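Hello,

Here is the model for your files. My notes on it follow below the structure.

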Amino acid sequence: GSLVAAVLAHSGRLDKEHLGARVGRLSRRGEVCTMINKKYSEFLPSMQSAEDLVAQVEGLSNNIDLLKAGIENEVQRDLNVAVAEFTELKQQLERDTLVLSVLKKLQEFDTTIKECNSALQEKQYVAAAQQLEKARSSLRSLESRRGFELKILKALGTELTVQTQNMIYHLGEEWQKLIVWKLPPSKGSSSLEALVLSELHLHTVPPQDEDTAVPPVAAVLQALAVLGELHSKLKDFGHLLLQYILKPLISHPSLEPVPEEQPDVFILRFRSQELALDESSPMEVFEKIKLVFEVLHRHLLNVPLEQPGEGRVTLAELLGELIWEELSDCLIHNCLVNSIPTNSSKLEQYKEVIESTEEFEKALKKMQFLKEDTTALLKYACNVDSHFANKKCQDVIMAARNLMTSEIHNTVKITPDSSITLPELPDPASGDHVKLPRVPSLVPNGTVSVGSESRLSPLTLCLPSCRISCSVQQLVELAYHTLLEATASTDLCCVQLFDCVRNIFQLFYEVVPTYHRENLQKLPQLAAIHHNNCMYIAHHLLTLGHQFRYRSTSVLSNGAATFVDLVPAFRRLGMECFLAQMRVQKGEILERLSSARNFSNMDDEENYCAANKAIKQVLHQLRRLGMVWQDVLPVNVYCKAMGALLNTALAEIVTRIAALEDISAEDADRLYSLCRIMVEEGPQVFTPLLEEDKNKKYQEEVPVYVQKWMTFKELMIILQANLQEIVDQWADGKGPLAEEFSAAEVKSLIRALFQNTERRAAALAKIK
């Protein structure tokens with residue numbers, strides 16, 4: 001019951017609150033309505049005026065639509081007609097304007113052609129040329145119009161070409177009248193006799209009674225310049241000037257220019273001096289060339305011209321641009337090059353050439369023949385040190401090459417007594433701070449001092465006696481003289497000359513074996529001489545750089561001036577050539593012994609004769625080699641070479657005989673006789689010296705040089721010995737036979753020489 005009472009009480013409170021809220025809302029709505037009525041009374045007049053405006057706008061819009069319709073139907077049609085008429089009139093105006101301009105150009109062309117012809121008849125060449133250029137400009141203007149082509153343009157172009165060629169022809173005739181060449185016949189035109197007949201006539205001075213505003217030569221040249229033909233005319237003139245005047249004056253010292261001036265002509269001709277030097281000095285050549293340009297400048301080259309695109313220039317400038325490069329090259333290669341000193345002591349005298357060259361260039365620049373920045377001749381002349389070194393190196397290389405390609409067989413004897421021109425070396429005890437030594441002197445034969453107490457033998461470090469080519473001796477002397485020249489030169493020249501000397505020897509290394517290859521392969525004597533040549537060069541290369549170390553400039557005095565690195569190559573070059581010849585000779589020896597039929601069946605007379613012939617051929621070959629190498633090779637090299645070849649023959653004979661399986665008593669006797677020939681005559685091939693009595697010493701020393709000599713003699717003993725003697729020679733492997741043959745070889749020989757018996761078996765048993 002209490003719960004119900006609580007709910008009812010709560011509901012009563014809610015109703016009261018809701019009623020109060022509604023009353024509040026109604027009061028507010030009344031206020032809003034009052035406000036709306038007020039606003040409406042204010043808005044109503046504005047709305048009425050707006051509706052009036054809308055009605056007016058709609059009326060205007062209707063009027064616009066009517067007007068637009070009228071325009072589209074009537075005015076637009078009339079406007080289109082007017083535009084079409086305007087366009088047509090415009091096109092007609094353009095066509096008329098174009099035709100009018102073309103007619104004006106045609107009129108200008110016709111007028112200029114007529115004026116050109118009129119001026120040409122009056123010999124007013126400059127005016128005629130200018131009118132031609134105007135006509136050409138009018139024609140180009142007509143041809144440049146696109147979409148407008150006239151058949152008459154082709155005819156106008158032809159007419160212009162005809163008029164131009166006619167003008168050029170008349171100018172060419174005037175040019176030939178002004179400048180007349182009288183040249184020798186084409187055959188032999190470069191000979192001195194023909195060049196003397198060459199003349200240049202310049203009719204460039206008008207007669208005194210003729211009064212002209214412009215000299216004829218200037219008018220002709222200016223007209224040619226306007227037409228663009230001056231370049232070709234000057235090019236031809238410059239070519240003839242170079243060929244018949246300038247170059248002959250440079251190349252022929254006896255020629256002298258002779259200018260002759262007459263009232264209406266200037267003549268330039270030549271005169272030949274009878275007593276003339278082989279080469280002209282640069283000063284003389286420059287004076288002659290300057291004289292030619294002075295007279296040409298006075299009578300021709302000083303004409304001012306208006307060159308299209310270049311402004312005002314003189315004829316001298318144009319001619320200089322065409323011929324100066326070729327003229328300067330000719331002056332350098334045919335004049336200045338020849339004046340370069342061949343000796344460093346004459347370099348001071350070359351200052352006169354430099355001064356003359358400078359004056360020559362200044363004179364040409366004053367005549368406007370050269371531009372101010374042109375100094376080709378002066379630069380060349382001032383660089384005399386480099387040119388001197390280049391020329392010296394070139395001369396040295398050419399001289400060296402001529403020596404290398406000369407005959408090898410022309411020889412000279414080199415002995416330890418030979419005196420060689422060498423620079424005097426400073427005392428080693430004085431250290432590195434050494435003044436320049438005195439002039440080179442001959443080093444006499446005798447002892448060489450190496451200090452205050454010690455002395456060496458006179459033959460220490462000497463090259464053994466032998467023969468070398470004269471050309472090689474001259475080549476080494478050339479190297480010494482070139483290095484001596486280098487010590488007195490500037491640093492740059494010194495280095496170049498030193499390199500040149502190295503190039504000499506490198507050139508020898510490459511050229512001589514190739515150029516003389518065939519002779520070196522076929523001729524034993526030349527191979528021996530080439531061997532000596534290489535050893536001789538290597539001998540000097542060991543000390544060549546050191547000898548000049550204290551005489552050279554600081555550039556080379558630091559030890560870089562050496563040739564020692566070339567020594568092994570030259571020694572190898574000489575040895576390889578000689579060893580190649582030795583291989584050829586060994587091959588021939590073996591080939592001859594191959595015809596001996598293996599030294600078997602010597603009881604057969606035919607076999608014996610073949611073997612005997614082979615041995616004699618070998619000895620003949622050795623004797624021939626001994627003769628061609630006699631007094632050529634050093635004694636020790638000679639003996640080693642002959643010993644090696646004889647050893648080849650003996651070794652081959654020993655091998656062939658030791659390989660036989662059956663040797664009869666008669667075979668053994670005949671083999672022994674053949675071997676005795678080798679033993680008796682073999683030493684006779686050792687003849688290294690011309691004096692026969694001095695050769696005995698080397699013939700007795702044959703065992704020293706022939707390795708198989710004792711082996712061969714032991715073989716001869718075996719061929720004549722009995723079994724006991726062979727066993728005694730063996731001596732249990734300690735005898736002389738054991739030193740030359742192995743046990744197997746001795747047993748094989750015993751089996752071939754003796755029949756199979758108990759004694760042979762016993763002997764074989766002892767060979768071990």
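A disulfide here is a pair of cysteine sulfur atoms within 2.5 Å, and the structure holds zero of them. C393 is likewise in no disulfide; its nearest cysteine sulfur, in C500, is 4.0 Å away. C393 counts as buried at 13% relative accessibility, and C534 counts as buried at 0%. Buried means under 20% relative accessible area (1.4 Å probe, protein chains only).

This is a predicted model, in which local features need pLDDT of at least 70 and side-chain atom pairs count only at pLDDT 80 or more, while totals for chains, interfaces and linings use all residues. Residues are numbered from 1 along each chain as its sequence is written, and side-chain values use heavy atoms, with hydrogens and water left out.

The protein chain has 768 residues, 40% of them buried. It contains 26 helices and twelve strands, taken as DSSP runs (helices H or I, at least four residues; strands E, at least two) numbered from the N terminus.

Helix α18 (residues 635–658) and helix α19 (residues 665–681) have axes that come within 12 Å and cross at roughly 170 degrees. Axes are lines fitted to C-alpha atoms over the stretch in contact, with angles from 0 to 180 degrees between N-to-C directions. The crossing makes α18 roughly antiparallel to α19 (over 145 degrees). L646, A649, L650, I653 and I657 of α18 meet L671, C675 and M678 of α19, contact being heavy atoms within 4.5 Å.

Regards

Definitions and conventions. Parallel < 35°, antiparallel > 145°, perpendicular 65-115°, else oblique. Buried < 20%, exposed > 50% of the residue type's maximum accessible area, 1.4 Å probe, protein only.
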